[in-house]
Amino acid sequence: MKQKIFTVATVLFALMFINGGLNKFFNYIPVPPDMPAELVKDNAAFMEVVWLMPLIAVVELVGGVLLLVPKFRAFGAIILFPIMVGILLLHATVAVSGLPLAIILAGILVWILWENRAKYMAMFN
């Protein structure tokens, strides 16, 4: 049962990042009109660096797809870790209303990392 829950959580987590990456390219999710002013300002700053959002989108897409393949799941989790740290920091400081979902997503990522910990041990030996 634990393995089934883990698989479902991993697939949903991966799909969230794939969706986020695709949205950065195609802008199909409308921007909410009630965004905090500081978040609008932060997003404008991200857009000033023309290569930053496409880079984040590619990392989200690649990491999400890798999570869907069990053989590459550990690598996908490592790729998405810095993106998840950024999401947590953004929601902890600017857009606090999204913090509960960010914490849940971070928890799923930590679970994925924990389940693949044996694969990371080679880096520390």
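Mentor: Helices (H or I, at least four residues) and strands (E, at least two) are DSSP runs, numbered from the N terminus. Here the protein chain, read along the sequence, follows the pattern α-α-α-α-α-α. Its secondary structure comes to six helices and zero strands. This is a predicted model, in which local features need pLDDT of at least 70 and side-chain atom pairs count only at pLDDT 80 or more, while totals for chains, interfaces and linings use all residues. Residues are numbered from 1 along each chain as its sequence is written, and side-chain values use heavy atoms, with hydrogens and water left out.

Trainee: What does the C-alpha trace span along its principal axes?

Mentor: The C-alpha trace of the protein chain spans about 45 × 30 × 30 Å.

Trainee: What percentage of the residues of the protein chain count as buried?

Mentor: Buried means under 20% relative accessible area, exposed means over 50%, and partly exposed lies in between (1.4 Å probe, protein chains only). Of the 125 residues in the protein chain, 34% count as buried. Accessible areas come from the Shrake-Rupley method with a 1.4 Å probe, and for residues only the protein chains shown count as cover. The accessible surface of this chain comes to about 8200 Å², and 76% of that belongs to carbon and sulfur atoms.

Trainee: How far apart are the mean positions of the positive and negative charges?

Mentor: Lys and Arg count as positive and Asp and Glu as negative, whereas His and the chain ends are not counted. The place of a charge is taken as NZ of Lys, CZ of Arg, CG of Asp or CD of Glu. In this chain, the mean positions of the 8 positive and 6 negative charges are 21 Å apart.

Trainee: How many aromatic pairs does the structure hold?

Mentor: Rings of Phe, Tyr and Trp (its six-membered ring) pair if their centres lie within 6.5 Å; planes under 30 degrees apart count as stacked, over 60 as edge-to-face and the rest as tilted. The structure holds two such aromatic pairs. In one, the ring centres of Phe 6 and Trp 111 are 5.1 Å apart and the planes stand at 70 degrees, so the pair is edge-to-face. Because Phe 6 lies in helix 1 (residues 2-26) and Trp 111 in helix 5 (residues 99-115), the pair ties together parts that are 105 residues apart in sequence. Phe 6 is buried, at 5% relative accessible area, whereas Trp 111 is partly exposed at 24%. In the other, the ring centres of Phe 13 and Phe 17 are 4.8 Å apart with planes at 55 degrees, so this pair is tilted. Phe 13 and Phe 17 are four residues apart in helix 1 and thus separated by about one helical turn. Both are buried: Phe 13 has a relative accessibility of 1% and Phe 17 one of 3%.

Trainee: Which ring does the charged end of Arg 117 sit over?

Mentor: A charge sits over a ring if NZ of Lys or CZ of Arg is within 6 Å of the ring centre and within 35 degrees of the ring normal. The charged end of Arg 117 sits over the ring of Trp 114, at 4.1 Å from its centre.

Trainee: Is the phi of Asn 27 positive or negative?

Mentor: Most residues other than glycine have a negative phi. The phi of Asn 27 is near 50 degrees, a positive value in a residue other than glycine. Asn 27 is found in the loop between helix 1 and helix 2 (37-48) and is exposed, at 59% relative accessibility.

Trainee: Which residues is Leu 39 in contact with, leaving aside its neighbours within four places in sequence?

Mentor: Contact means heavy atoms within 4.5 Å. With those neighbours left aside, Leu 39 is in contact with Leu 90, Val 94 and Ala 95. Leu 39 has its place in helix 2 and is buried, at 11% relative accessibility. For the protein chain, 66% of the contacts with a separation of 6 or more come from residues 24 or more positions apart.

Trainee: Is Asn 116 buried or exposed?

Mentor: Asn 116 is buried, with 8% relative accessible area, and has its place in the loop between helix 5 and helix 6 (117-120). Leaving aside neighbours within four places in sequence, Asn 116 is in contact with Arg 73 and Ala 74.
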